[in-house]
Structures are given as structure tokens and as C-alpha cells.
Amino acid sequence: MKAFEIVETAVKALDSKKGHEIRALKVEDLTVIAEYFVIATANSSTQVRALAEEVEYQLDLKDTPVHHIEGRGSNWILLDYGSVIVHVFHREARDFYSLDLTWADAENVDIEKFLS
């Protein structure tokens, strides 16, 4: 699956479970880590898990398994799909780690068409 297709599927999955402040950042010109970051906020630790599980489930349905997961059971779960890294934060963790500011030079991807 191409990187942008992973972004689209992840954004739709996060939106379907009521993720907040969903953003996709194109970081390929800034780092070798990934081409895109997808970032979302949840209102509770339960929702953090639900959002991450939905992303994993939807991408598994498209034969795109996650390479690695960090933070299960915490307030920040990272799903590594190689070219795309999905970050699901509890609100306080997103504010604390401030990836949006850290990667402020990244290109914002227009995801409006993927949101319901």
C-alpha cells in the first residue's frame, strides 16, 4: 500500500471513532523516519486505545500490518507503518509533547475530504 493510501485509511479510521484534531503532516523532506505523520487526540485513555485499534484493524483489512507499536496502555500510542507513523494522544500528552510545534516546518496535508 502506498504511503498516502495509509494516511487516508488512518485518517478515516480515526475520524470514525471520533478522534479530535486529526492532522497529517508530510515530513519526508525533514527526516528519514517516515514520509508522513498522522496525529490525533482522544479524550480518555480508553479512546486512545480504541482509536489505535481501529487504525490497526482498518489497515489490517487492507493487508497492511503495523510494523511496530509503542505505548499500549499509555496516553500516547504510536503505530509504525514504515512510511507512515500514526500518533494517538490523550489531550494532555499531545499538549506536553507538542509534535505539532516540533514539526511546524512540515507540510500540512489536506485531509478534509477524508473526514465525515
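**Figure 1. Contacts of Asp100 in the predicted model.** Leaving aside residues up to four places away in sequence, Asp100 touches Arg23, Ile39 and Arg94 in this model, which is predicted. Asp100 is found in helix H4, the element that covers residues 99-102. With a relative accessible area of 19%, Asp100 is buried, because buried means a relative accessible area under 20%.

**Figure 2. Ser98 and its positive phi.** Ser98 has a positive phi of about 50°, although this residue is not a glycine. The place of Ser98 is the loop between helix H3, which spans 91-97, and helix H4. The relative accessible area of Ser98 is 17%, and Ser98 is therefore counted as buried.

**Figure 3. Glu21, a second residue shown for its backbone angle.** In Glu21, phi is near 50°, which is a positive value in a residue other than glycine. Glu21 lies in strand S1, a strand made up of residues 20-26. The relative accessible area of Glu21 comes to 46%, so that Glu21 is described as partly exposed.

**Figure 4. His68 and its surroundings.** His68 is placed in strand S3, which is formed by residues 68-70, and with a relative accessible area of 40% His68 is partly exposed. When residues up to four places away in sequence are not counted, the residues that His68 touches are Leu78, Leu79 and Asp80. For one of these residues, Leu79, a C-alpha separation can also be given: the C-alpha atoms of His68 and Leu79 are 6.2 Å apart, while the two residues are eleven residues apart along the chain.

**Figure 5. The polar contact between His68 and Glu70.** The side chain of His68 makes a polar contact with the side chain of Glu70, at 2.4 Å. Strand S3 is also the place of Glu70, and Glu70 counts as partly exposed because its relative accessibility is 44%. Glu70 touches Trp76, Ile77 and Leu78, again without counting residues up to four places away in sequence; Leu78 is also among the residues that His68 touches. Glu70 and Thr46, in turn, are 24 residues apart in sequence, and their C-alpha atoms are 16 Å apart in space.

**Figure 6. The whole chain, as a setting for the close-up views.** The secondary structure of the chain comes to four helices and six strands, and from the N terminus on these elements run in the order α-β-β-α-β-β-β-α-α-β. The radius of gyration of the chain is 13 Å, close to the 13 Å that the globule rule gives for 116 residues, so the chain is as compact as a globular protein of that length. Taken along the principal axes, the box filled by the C-alpha atoms of the chain is roughly 35 × 30 × 30 Å. Of the 116 residues, 48% count as buried, and of the contacts with a separation of 6 or more, 62% are accounted for by residues 24 or more positions apart. The chain exposes about 6300 Å², of which carbon and sulfur atoms supply 48%. As for charge, the chain has 12 positive and 21 negative side chains, and the centres of these two sets lie 5 Å apart.

Conventions: Residues are numbered from 1 along each chain as its sequence is written. This is a predicted model: local features need pLDDT of at least 70, side-chain atom pairs count only at pLDDT 80 or more; totals for chains, interfaces and linings use all residues. Side-chain values use heavy atoms; hydrogens and water are left out. Helices (H or I, at least four residues) and strands (E, at least two) are DSSP runs, numbered from the N terminus. Buried means under 20% relative accessible area, exposed over 50%, partly exposed in between (1.4 Å probe, protein chains only). Contact means heavy atoms within 4.5 Å. A polar contact is a pair of N or O atoms within 3.5 Å; within protein, one must be able to donate a hydrogen and the other to accept it, and residues adjacent in sequence count only if both atoms are side-chain atoms. The radius of gyration is taken over C-alpha atoms; the globule rule is 2.2 Å times the number of residues to the power 0.38. Accessible areas come from the Shrake-Rupley method with a 1.4 Å probe; for residues, only the protein chains shown count as cover. Lys and Arg count as positive and Asp and Glu as negative; His and the chain ends are not counted. The place of a charge is taken as NZ of Lys, CZ of Arg, CG of Asp or CD of Glu.
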